[in-house]
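Please read them alongside the coordinates.

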Amino acid sequence: MEESKDAFGFAIRDYEKGLQGENIVVHSDICDDDVIPVDWLFRTENQMPEIEKRALEMCKGKILDIGACTGVHAEALILKGLEVETIDISPGAVAFQQKLGIKAKLQDFYTLPAGDYDTLLMMMNGIGISGKLSELENTLFQAKKLLNPGGQILCDSTDIKYLFEDDEGGMWVDLSTEYYGNFQFQMEYKTAKTDWFDWLYVDFENLKKAAEKIGFTAEKVMEDGQSFLAKLTLNA
């Protein structure tokens, strides 16, 4: 990734230098702009949402944190004595993690060779890397190649159906779209701006359906509003 497109890396470097106060701006093809406060990338375990805390409690064995950003989840797991590796596509994020002593690699998830992990951790809607509902099975198939038999994926997502509901509870959806949870985003921080990219928000029923096709058992562990934590266990 070019430095001019590494919005997260630029924000992380500023934070390291004590330059704070700006947000990462999230542009969307469907919603109004949103922001991610940079200090949220550096939250402690105590500051994490309950879904993230629960996921950390459930991690076991050899763990791969996918899209780890600043490595806050990996750090928390390492402090618990667990074996953790991370990947991310942001050079700035990976460099920061490596300074902390985390086994971090600049790596695209889809080009990872087969592995022997017991847990794949995909927080902050990490399963969204699928991009579109039609690509979710491909994502889960790649995850399957990385796991030992009986291994697990811990992922969170949000059923964003509420964005399309009217006051009477009916839904308006563009019928030309494949699925209401298919989004496009662009991240911007100061002069750094990513390319537009596809991102998926999947509801649990569609996640379960795709997971079972690939050979996983799906369990909804907990809900928090419209968001949920799922555990996908690879059938032995």
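**Notes on the predicted model**

1. F204 and F228 are both buried, where buried means under 20% relative accessible area, exposed over 50% and partly exposed in between (1.4 Å probe, protein chains only). This is a predicted model, in which local features need pLDDT of at least 70 and side-chain atom pairs count only at pLDDT 80 or more, while totals for chains, interfaces and linings use all residues. Residues are numbered from 1 along each chain as its sequence is written, and side-chain values use heavy atoms, with hydrogens and water left out.

2. The structure holds 11 aromatic pairs. Rings of Phe, Tyr and Trp (its six-membered ring) pair if their centres lie within 6.5 Å; planes under 30 degrees apart count as stacked, over 60 as edge-to-face and the rest as tilted. F109 and Y110 make an edge-to-face pair, at 5.0 Å centre to centre and 80 degrees between the planes. F109 is buried at 5% relative accessible area, whereas Y110 is partly exposed at 36%.

3. F204 and F228 also pair edge-to-face, with 5.8 Å between centres and 85 degrees between planes. The pair links distant parts of the chain, 24 residues apart: F204 lies in helix α6 (residues 204-214) and F228 in strand β12 (residues 227-234). Helices (H or I, at least four residues) and strands (E, at least two) are DSSP runs, numbered from the N terminus.

4. One aromatic cluster is formed by F183, F185, F197, W199 and Y201.

5. Which residues of helix α4 (residues 91-99) are buried? They are G92, A93, V94, F96 and Q97. These buried residues pack against α1 (7-16), β4 (83-88) and β5 (103-106), a contact being heavy atoms within 4.5 Å. Just after α4, G101 has a positive phi of about 90 degrees.

6. Overall, the protein chain has six helices and 12 strands. The C-alpha trace spans about 50 × 45 × 35 Å along its principal axes.

7. Of the 236 residues in the protein chain, 47% are buried. Among contacts between residues at least 6 apart in sequence, 63% join residues at least 24 apart.
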